[in-house]
Amino acid sequence: MADTDTTLRVRARELGVQTSYHDVRHELHHADDVALERIVEVLEADRIAAASTTRLTPPLHTDPLAPVAIAGRVTAASISVEGQAVDVVVVHGDDHDLLQVPADLPLGCHRLSFVTDRGAGESVVVVAPAAMPRSADFERTAGLFVPAYALWEADRPLPSFRHLHELARSLKSSGIDVLATLPLYSTFLDDPFDPSPYSPISRLHWNEVYLDDEGLPDAPAPVLTDHVDWRALGARRRTQLLEATRRLDADQRVHLRAFVEEHPDVADYARFLAGREAGADEHVEASHVLAQHLADQQLRAIADDPNAAALALDLPIGSHPHGYEVWADGSMFADAMSVGAPPDIFFADGQDWGFPPPLPSAMHASGQRLWRDLIARVGRHADILRIDHAMAIERLWWVPAGLPAHQGAYVHYQREEILAVIAASASAVGVTIVGEDLGTVPPEVSDAFDRWDMLGMYEEQFNLDLDPLPHIPARVVAGIRTHDMAPLAVAVDELDTVGYRARVGAAHGVEVDDTWQDMLEQMLIRLSYSDAYLVIADLDDLVGETRPHNLPGRVVPEIWRRRLNVPTSELLADPDVQRRLTLLLRR
């Protein structure tokens, strides 16, 4: 079918729909009319809803040096700077008034509030840096990746933030500056049951299973095999938190109220979760508040510890369709649509990831509130944030309900506006931003990364068959692979590594045999001598693990729950692991 200029396709393009695209083989594909019709219907409604609210000024003001034009006679105006209201100079005009915001606003997103003869209004003044924030503290340093649920000790076999903290301290003492892990957000562990860290209940709230047992009421621990029993751990933690809530004294309740005042969304989140339970009372709701308070304290303890490696966390691009985000702000998400990916060399039928896409006009009308909130929250606990599937700043693959994944279409978003908000928000909380840009990346995204000097990613396992080996650029976080790829010990057997071994051996003047151990160490050396901003190794690769954490496109009981074979401290004491970590420090 040719992409002819029918009325439907013209309107789709006007609404930001990409009516055709080139796949990884550079073949042209045209969007299906049935899918386009349904997507256009949703986007039309999105625009109408966003336009129906009377606005006296645009929701975002991205040039703080220019005055903000207000329709109406302004009688009062102020801007919130670090929690304090600062008066704004008003210049009255014939057709509109101008607000001149302070010239010395700090980096960040600041709420501008005003009152006019036509009513009250607000806008978000975005003060963004010239480049995406990147800390000099991690320049040419090394990190280690391991999922938090994999960590355990013989006397404390259950996963916890405490294990994460102890590992961060151990790594720092060994010269490793960064500890990277999978998302730590809350997930459904009862009904529906979905422990995937990339389908969280909320990207603003933490997984209570990771709370340290110390300080909570005793409860029988389930017998764990080599996999985490998420359902049993979730039920156990609920029992503990309910009992802990009943035991709270007056001072503890005061602290909880203060925490909720600082984070009002926590009360909403607790109300959402309690509403899912039959017969829930105030203790149930309070137990969810307590969980978030404790999680905040324990994660802050890692972030504030000068003897601990910095945390690098992951931001999923969406959340569970039945989760908190859709419940709390359903007008921001598309009904009867889900996010996915078109067919590629790995998934011939495309992918449907199940969560709803955000609505472009609603997101803009909110001043990109979701992006601001997500980065502000994670900035309390992490120094580095990897934005999963960073192409989402440009476009997302929408799949209408009931249609196969390959029948979707790309919908575009306000790329530069989103990037400015991300850069400003991350600068305000001191977070280094990394964009996951692996796979097929639209040229618009690559160009945007260049303009914003934004860190991307490099994975050596993608390039084993290239001759010559590619130069590893400076503006990347580099590693051997991601958690979605086959472990190196498996890839060495499955891929033709003869050419790679010859090229790496020649580069370093050594002979590389075909064992995973020798391949691993030569890869670590190549990465450590590269120009990459940060190099992160996967703990599984350091020990020759062959079992994956995830199997993309497949839902099987074993994914997202595999524990380390031995206690964490024992594994880190292994001489081979110590030597391989040292290889990363040659930088």
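Q: What makes up the lining of the second largest pocket, by class?
A: In this predicted model, the lining has eleven nonpolar, twelve polar and seven charged residues. Gly counts as polar in this scheme.

Q: Which residues lie closest to the centre of the second largest pocket, and what is its volume?
A: The volume is about 950 Å³. The lining holds 30 residues, and C109, H110, R111, R372 and D373 are the closest to the centre. Strand 10 (108–116), strand 11 (119–127), helix 10 and helix 11 (415–429) each supply at least two lining residues.

Q: What lines the largest cavity?
A: There are 25 lining residues, and F145, A180, R386, M457 and I536 lie nearest the centre. Strand 16 (310–315), strand 19 (384–387), strand 23, strand 24 (476–479) and strand 25 (534–538) are the elements that give two or more residues. Strand 25 gives the most, with four. By class, the lining has 15 nonpolar, four polar and six charged residues.

Q: What makes up the lining of the second largest cavity?
A: Its 13 lining residues divide into eleven nonpolar, one polar and one charged. R203, I317, P358, M363 and W371 lie nearest the centre. Helix 10 (residues 369–378) gives the largest share, three residues. The volume is about 140 Å³.

Q: How do you know that strand 12 and strand 13 pair?
A: Pairing requires at least two bridges. Strand 12 (residues 141–145) and strand 13 (residues 178–180) are joined by three bridges, so they count as paired. They run parallel. F145 stands opposite A180 in strand 13.

Q: Why do strand 22 and strand 23 stand at the edges?
A: The open sheet has eight strands in the order 22-19-16-13-12-25-24-23, with parallel pairing. Strand 22 (432–435) and strand 23 (456–459) each have a single partner strand, so one side of each has no neighbour in the sheet. From one strand to the next, the twist averages 25°.

Q: Why is helix 5 called roughly perpendicular to helix 7?
A: Helix 5 (residues 250–262) and helix 7 (residues 282–303) pack at about 80°, with axes 10 Å apart. The range for roughly perpendicular is 65 to 115 degrees. The angle falls inside that range, so the label applies.

Q: Which residues in helix 5 meet which in helix 7?
A: H255, L256, F259 and V260 in helix 5 meet V289, L290, Q292, H293 and D296 in helix 7. By class, this contact has five nonpolar, three polar and one charged residues.

Q: How do you know that strand 1 pairs with strand 21?
A: Two bridges join strand 1 and strand 21 (residues 409–412), and at least two are required, so they count as a pair. The sense is antiparallel. Q18 has Y410 as its bridge partner in strand 21.

Q: What makes strand 1 and strand 18 edge strands?
A: They belong to an open sheet of five strands, in the order 1-21-20-17-18, with antiparallel pairing. Strand 1 (17–18) and strand 18 (351–352) each pair on one side only.

Q: Which strands does helix 2 lie across?
A: Helix 2 (residues 33–52) lies across strand 1, strand 17 (337–341), strand 20 (395–400) and strand 21. Helix 2 runs at about 110° to strand 20.

Notes. Residues are numbered from 1 along each chain as its sequence is written. This is a predicted model: local features need pLDDT of at least 70, side-chain atom pairs count only at pLDDT 80 or more; totals for chains, interfaces and linings use all residues. Side-chain values use heavy atoms; hydrogens and water are left out. Axes are lines fitted to C-alpha atoms, for helices over the stretch in contact, and angles run from 0 to 180 degrees between N-to-C directions. Angles under 35 degrees count as roughly parallel, over 145 as roughly antiparallel, 65 to 115 as roughly perpendicular and the rest as oblique. Contact means heavy atoms within 4.5 Å. On a 1 Å grid over the protein atoms alone, a cavity is a set of points where a 1.4 Å probe fits but cannot get out, and a pocket is an open set with protein on both sides within 12 Å along at least five of seven lines; lining residues have an atom within 4 Å of a point. Grid points are joined across faces, edges and corners, and a volume is the space filled by probe spheres set on the points.
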